[in-house]
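Subject: Structure for you to look at

Hi,

Here is the structure I promised to pass on. Please open it next to this email, and my notes will follow below.

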Amino acid sequence: MAEARLGRLRLMLWAAVVAAAVAASVIYVTRGPDSVPGIGGGTYSLIDHNGNAVDQSMLVGQPSLLFFGFTHCPDVCPTTMAEMQLWFEQLGDDAGDLKGFFVSVDPSRDTPELIKGYVSFVSDRMVGVTGTQEEIDKIVSAWKVFAEKVPLEGDDYTMNHTASVFLVNDRGEFEGVISYGESTDIALNKIRNLISIS
Ligand code: NI
């Protein structure tokens with residue numbers, strides 16, 4: 001039955017998303033006090049939600065929350081965007097110059113216009129990022145993000161992707177992650193810590 005198959009597929013997707021989140025958490029737990037070499041960096045030429053050119057320097061000069069997702073995402077991305085909205089709201093002025101980045105792992109569908117509408121509901125601190133598949137691949141690879149196209153029935157597809165939010169310091173370096181489903185208190189503590197060291 002198509003419904004049952006779709007149900008099983010969804011379950012498998014969730015398992016993969018959870019596995020990716022756990023993998024990212026393990027990285028966080030086992031990292032030392034300094035930023036981890038090997039995650040982050042890289043060079044890429046992308047465009048923001050206003051159509052302006054951006055590159056790796058977008059992550060330098062202020063602490064950032066970096067998330068990889070796609071606007072057609074049925075669950076993980078909308079949930080994470082709602083969480084980010086809450087975090088920014090709770091931080092208020094304490095957020096300082098903190099920025100949030102939503103980088104598309106589905107650039108062929110995620111136009112700047114589409115992403116603009118998507119992130120504008122979260123906060124004016126959010127920057128939506130898309131670009132060519134080739135350049136998106138570079139940032140995805142630099143941040144060791146898992147992103148994979150999963151065919152659905154018909155011509156449709158979804159994306160299976162890392163669900164964690166990366167904490168990035170003002171030098172553009174990886175400082176840790178907020179796992180998918182992390183409690184608001186713990187997430188806010190991590191973000192406050194990021195702001196204090198940036
Ligand atoms: Ni998603």
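Leaving out residues up to four places away in sequence, Met126 touches His49, Met81, Met84, Phe88, Gly100, Phe101, Phe102 and Val119, where contact means heavy atoms within 4.5 Å. Met126 belongs to strand S5 and is buried, with a relative accessible area of 3%. Buried here means under 20% relative accessible area, exposed means over 50%, and partly exposed is in between (1.4 Å probe, protein chains only). From Met126 to Leu65 the C-alpha atoms are 9.1 Å apart in space, while the two residues are 61 apart in sequence.

A word on the source: this is a predicted model, in which local features need pLDDT of at least 70 and side-chain atom pairs count only at pLDDT 80 or more, while totals for chains, interfaces and linings use all residues. Residues are numbered from 1 along each chain as its sequence is written, and side-chain values use heavy atoms, with hydrogens and water left out.

Now the overall picture. The chain has five helices and nine strands, in the order α-β-β-β-α-β-α-β-α-β-β-β-β-α along the sequence. Helices (H or I, at least four residues) and strands (E, at least two) are DSSP runs, numbered from the N terminus. Of the 198 residues in the chain, 47% are buried. Taking contacts between residues at least 6 apart in sequence, 75% join residues at least 24 apart.

Next, the metal site. The nickel ion is coordinated by Cys73 (SG), Cys77 (SG) and His161 (NE2), at 2.0 to 2.2 Å. Donors are N, O and S atoms within 2.8 Å of the metal (3.2 Å for Na, K and Ca), and sites may look incomplete because water is not among the atoms. Along the chain, the donors of the nickel ion follow the spacing C-x3-C-x83-H. Cys77 lies in helix H2 and His161 in strand S7 (residues 157–161), so this pair ties together parts that are 84 residues apart in sequence. Cys77 is buried, at a relative accessible area of 0%, and His161 is buried too, at 1%.

Helix H3 (residues 112–120) has Pro112, Ile115, Tyr118 and Val119 among its buried residues. These four cover an arc of only 125 degrees around the axis, which puts them on the same side of H3; the arc is that of the directions from the helix axis to the C-beta atoms. The buried residues of H3 pack against strand S1 (45–48), helix H2 (76–91), S4 and strand S5 (126–130).

Then there are the rings. How many aromatic pairs does a search of the whole structure find? The search finds six, with rings of Phe, Tyr and Trp (its six-membered ring) pairing if their centres lie within 6.5 Å; planes under 30 degrees apart count as stacked, over 60 as edge-to-face and the rest as tilted. The centres of the Phe67 and Phe102 rings are 6.2 Å apart and their planes are at 35 degrees, so this pair is tilted. Phe67 lies in strand S3 (residues 64–69) and Phe102 in strand S4 (residues 99–104), so the pair ties together parts 35 residues apart in sequence. Phe67 and Phe102 are both buried. Ring pairs also link Phe68, Trp143, Phe166 and Phe174 into a cluster.

Happy looking!
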